[in-house]
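Please look through the sequence and the structure shown below, and then follow the questions and answers, which take a few regions in turn.

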Amino acid sequence: GPPRLFWGISSGNLDSIVANYSGNRKVRDTDSYSPGGNPYFGGDKKKKNRRRPDRATILYANLARSAFREKAPVILGGLEASLRRFIHYDYQQEKLRGSVLVDAKADLLIYGMGERAVLEAAERLSRNRDLTAIPGTCLRLTDREMDVLAAAEENLLTLPSWQKINRQPEAFLEAELLIDQESRVSSSRILAQHQQSIWTVQYPPAAPLAAKELDRLYELPFTRLPHPEAGEVPAWRMIRNSVTIVRGCCGNCSFCGISRHQGAELSSRSEQSTLKELRRIAESPDFDGTITDLGGPTANLYGVKCRIGGCRNRDCLYRGEKPPSAHGKRAERICPHLEIDEKAFLTLLEKAEKIPGVKHVFISSGLRMELLLKTPRLLEKIALDHTPGALKIAPEHTESNVLRLMHKPDAGVMDDFLTLCRRIAGKSRKKIHLTPYLISSHPGCTVEDMKEMAGKIRKAGLQVRQFQDFTPTPGTLSTAMYVTGLDRDTLEPIHVSRGGKERREQRRLLENQRPGSRSSRSGSAAVRKKT
């Protein structure tokens, strides 16, 4: 029957377009979130009937609304709705689209992680109250309703409209920069953007969960099992014995939507709650002895806090490219107000590996190198005892002009990190294997930049296993640079690789660095000889 309170619509763990298409708009024939990794229903040999449709949020909302004559509010949530809440770029269609809230004609959109907002919405609807001004939500308003809001609300920021963006494409970058700034600082301002015929209004974000609230959430009696009729799902197999310990990210990389979805303010679980979940996993009859991950968006942000309680920037891991001082010492790369608790993570790891039944505790989530440089004991512990094969690092690139556009620290971070890793390896007489994650065809990156990067990666003795072509996903500043061809900092024109030929050429330069390729073999030999 119809829902008592509302229809709650999500497209799943991924944006449906990202799930269905590669960055070069090739149809994906696998889906880690589908039974057996098969994205098609049953034995669909023609491969047309996908389990997750394109722009699933819109289709699901329409299906829910048409299922019953009784009217029930439609509330959107999840990653796809969160990152498509304003005008955004759809790379599969190669065009800008309006807010998913407007396209789905939904009553409310909950952005971010949503725990507070969904409870508030349910409480209001149970009492027959309206859904206006709930923190962490967006509403659709008519021109008349918007006039009333504007007259009553001084703390209102109007973003470039659909009409302006279509007349002046650079206004899309302007809008994205404003949204990014307001998202990072948990602004109290209301944002409004006029679509084709209606307004999307975003109320300020909900407060992030405190440690006790995060503990309570993750201690709910989740089954940790796949649906009995779904069979084995690859994503479930990967994460079934992993534990989330931190939420949010203050890195603000241009190509990443985590800050816009989870927020830049960090929330870490308590040691007690994490160990309680680990014991519950260890007591499972099918547990094989390996905890595959203690992590989150960035594992070593666990326990990190701001000494001054936040600022107008919340750009904690980016200080720009700063040359070494006259004494040869590099300038500080992270915010001096960032309080790093190395002992908290070390203690958690030491206690986790002593739990009866636990043989291995691995860190599989990404790690920020500039933070590990500040915590050498933690780096040594993770590298020698808690790495599943290879330590995952994400320099993304080596060229300063591209790193700046990515909003990543200078290339010297990787050099210093490799030096520290070699020092640890030499002291322990153990090999430390590193897997760098790299991106090709990012806005501002040329073929010459890729050649330079390939040479530096080879010279550093790193083997390339994980890389991808830049994908212009909704809700990121890199996508806005891709669409407009403008620098996020200077608003000057930059090179953008859009054609398939150049994107393939940039990718090939990384593929040639893979283990077993001729270029990789000659590079490794040169490194060994030099060493």
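Q: Is serine 441 buried or exposed?
A: This is a predicted model, in which local features need pLDDT of at least 70 and side-chain atom pairs count only at pLDDT 80 or more, while totals for chains, interfaces and linings use all residues. Residues are numbered from 1 along each chain as its sequence is written, and side-chain values use heavy atoms, with hydrogens and water left out. Buried means under 20% relative accessible area, exposed over 50% and partly exposed in between, with a 1.4 Å probe and protein chains only. Because the relative accessibility of serine 441 is 1%, this residue counts as buried.

Q: Where is serine 441 placed, and what is its phi?
A: Helices (H or I, at least four residues) and strands (E, at least two) are DSSP runs, numbered from the N terminus, and serine 441 has its place in the loop between S19 and H18. Most residues other than glycine have a negative phi. Serine 441 is not a glycine, yet its phi is positive, near 65°.

Q: Which residue in S20 is the bridge partner of leucine 438?
A: Two strands pair if DSSP finds at least two bridges between them, and strand S19 (residues 434-440) pairs with S20 in the parallel sense over 4 bridges. The partner of leucine 438 in S20 is phenylalanine 467.

Q: How is H18 oriented relative to H20?
A: Axes are lines fitted to C-alpha atoms, for helices over the stretch in contact, and angles run from 0 to 180 degrees between N-to-C directions. Angles under 35 degrees count as roughly parallel, over 145 as roughly antiparallel, 65 to 115 as roughly perpendicular and the rest as oblique. The axes of helix H18 (residues 447-459) and helix H20 (residues 500-511) come within 9 Å and cross at roughly 5°. The orientation of H18 to H20 is therefore roughly parallel.

Q: Which side chain makes a polar contact of 3.5 Å with the side chain of serine 11?
A: Serine 11 lies in the loop between strand S1 (7-9) and helix H1 (16-20), and it is buried, with a relative accessible area of 5%. A polar contact is a pair of N or O atoms within 3.5 Å; within protein, one must be able to donate a hydrogen and the other to accept it, and residues adjacent in sequence count only if both atoms are side-chain atoms. The side chain of serine 11 reaches the backbone oxygen of leucine 14 at 3.3 Å. At 3.5 Å, the side-chain partner of serine 11 is glutamate 80.

Q: Which are the edge strands of the open sheet of 7 strands?
A: The order in this open sheet is S1-S2-S5-S6-S9-S8-S7, with mixed pairing. Each edge strand pairs on one side only, and these strands are S1 and strand S7 (156-158).
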